[in-house]
Amino acid sequence: MVGDGHVEKRPKDKKKRTKKKRGGGKKKMTAEQSLAFNSVTEWVYLDQSHSSSSSEDDFEVHQILNRAVDNNVVFELHSHSNFSDGYLSPSKLVERAHCNGVKVLALTDHDTMSGIPEAIETARRFGMKIIPGVEISTIFCQRGSESEEPVHILAYYSSCGPSKYEELENFLANIRDGRFLRAKDMILKLNKLKLPLKWEHVAKIAGKGVAPGRLHVARAMVEAGHVENLKQAFARYLYDGGPAYSTGSEPLAEVAVQLIHRTGGLAVLAHPWALKNPAAIIRKLKDVGLHGLEVYRSDGKLVAYSDLADTYDLLKLGGSDYHGRGGHGESELGSVKLPVLVLNDFLKVARPIWCGAIKEILESYADEPSDSNLSHITRYGRGKVLKRNYPFNCGKGLVDECLSLWLTNEERQSAEFEAIKLKLSHVSINQGGLNVPIESV
């Protein structure tokens, strides 16, 4: 009964218990988690800890360096901008990620890395780190079967990007060219289905120079009134194997993984839950060097795919796959909370690979100090080096400038990097028509 005295006391007891629970504080980290947290945060804040420049880059830097210990360092490892099929520019994407508490953002546009420089430039204002990435469209063919299945492979690179930039860019350009043909074929199929759509409409939605994808076609269908929303466009016409589905010039998934290896990146299988036969694909890709697969989503860890990762000794990762289209079906940037042990495992595998790629890029420039080789160093994230008002001979060497974002002092002072610095001490950069000597530190 509502008027029963015992019933009235229960809420008070509950409040007391709740209050006591709230006052108990956060759950303490284990020794293993604490070590992992220290290692992860050391890498996340490397650039701020090495930076001594002032007004240009100090937005929030002092707050970051004096931050209270927080065991929730947010990595967002899967996101898209309007350089592929996302709705937001790289700048707006970074700003939104920052507002959501993201400290490390991987921009992984479909088959292009063109949005990376803009993302990095914006991230500097917020004390964030950008991992240059790309989501590569591929095809997997089962042995003894004529059926093909689309497979997406995420690639994560260092601050300097891929070690063999031209090779990767040519590979991606071929896929992008195929996306134009694919979109036109989808439009043709829709027209045959009595759903008139014009190429110009889709191209306008995609934007100048952007290789169109299914999402652009779906948006055109919504605007033309053929479907009520994007979900309906995919469910009825554009799903894999659907009546308006088409393939482009996607390479084999195994070839993409091998290329990521060759160019100094980490290869991770995206959204395996969308695959018809994930176990067979994971097994095959592991044989050619796959590093990990997405296991975590905003709704938690998927046990089946976590078990597959354990079976094949692969990293367990995840991200929101944010596009910015809105709606209840889309996960928000930073909504996938990767445990600190997972982040530490990721960096333990990634950092030696990235270090090797950076070394290869720097060695190429030391051996042949051409403008082309210099652009490989400054393309992703360190272009600001050449824009600053001070020359390199003021006490900051090119190597340290390039590595401060990604490597610790100990890593940067290895014998291999010291040898590269020595070579570069005799090289000059043509900066604005002036030869500026590069001095080792």
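The largest pocket of the predicted model has a volume of about 1,400 Å³. Pockets were located on a 1 Å grid over the protein atoms alone, as open sets of points with protein on both sides within 12 Å along at least five of seven lines; a cavity, by contrast, is a set of points where a 1.4 Å probe fits but cannot get out. Grid points are joined across faces, edges and corners, and the volume is the space filled by probe spheres set on the points. Lining residues have an atom within 4 Å of a point. Of the 43 residues that line the largest pocket, Phe234, His271, Asp321, His323 and Arg325 are the closest to its centre. Two or more residues of the lining come from each of β3 (129-141), β4, α7 (165-192), α9 (214-223), α10 (230-238) and β6. The most is given by β4, with four residues. By residue class, the lining of the largest pocket divides into 12 nonpolar, 16 polar and 15 charged residues. Here Ala, Val, Leu, Ile, Met, Phe, Trp, Tyr, Cys and Pro count as nonpolar, Asp, Glu, Lys and Arg as charged, and the others, Gly among them, as polar.

Residues are numbered from 1 along each chain as its sequence is written, and side-chain values use heavy atoms, with hydrogens and water left out. As the model is predicted, local features need pLDDT of at least 70 and side-chain atom pairs count only at pLDDT 80 or more, whereas totals for chains, interfaces and linings use all residues. Helices (H or I, at least four residues) and strands (E, at least two) are DSSP runs, numbered from the N terminus.

Strand β6 (residues 292-297), which contributes to the lining of the largest pocket, is largely enclosed by the rest of the structure, because five of its six residues are buried. Strands are taken to pair if DSSP finds at least two bridges between them. Strand β5 (residues 266-269) runs parallel to β6 and is joined to it by two bridges, with Val268 opposite Gly292. Strand β8 (residues 315-318) is likewise parallel to β6, through four bridges; Leu293 has Lys316 of β8 as its bridge partner. The pairing of β6 with strand β7 (residues 300-301) is antiparallel and spans two bridges. In this pairing Arg297 stands opposite Gly300, and a hairpin of two residues joins β6 to β7.

Arg297 also takes part in a contact with an aromatic ring: its charged end sits over the ring of Trp273, 4.9 Å from the ring centre. For such a contact, NZ of Lys or CZ of Arg must be within 6 Å of the ring centre and within 35 degrees of the ring normal. In a further case, the charged end of Arg379 sits over the ring of Tyr165, 3.6 Å from its centre.

Rings of Phe, Tyr and Trp (its six-membered ring) were paired if their centres lie within 6.5 Å, with planes under 30 degrees apart counted as stacked, over 60 as edge-to-face and the rest as tilted. Tyr156 and Phe346 form an edge-to-face pair, with 5.9 Å between the centres and 80 degrees between the planes. This pair links distant parts of the chain, as Tyr156 in strand β4 (residues 148-156) and Phe346 in helix α14 (residues 340-367) are 190 residues apart. Both Tyr156 and Phe346 are buried. Ring pairs also link these two residues with Trp43, Phe75 and Trp354 into a cluster.

Positive phi values occur in residues other than glycine, including His271, with phi near 25 degrees. His271 lies in the loop between β5 and α12 and is buried, with a relative accessible area of 18%. Asp313, with phi near 55 degrees, is found in the loop between α13 (303-311) and β8. Asp313 is exposed, its relative accessible area being 65%.

Contacts between residues separated in sequence were also examined. Ile282, in helix α12 (residues 278-287), is buried, with a relative accessible area of 0%. Ile282 and Tyr312 are 30 residues apart in sequence and 8.0 Å apart in space, C-alpha to C-alpha. Asn38, in helix α2 (residues 31-44), is partly exposed, at 45% relative accessible area.

Definitions and conventions: Buried means under 20% relative accessible area, exposed over 50%, partly exposed in between (1.4 Å probe, protein chains only).
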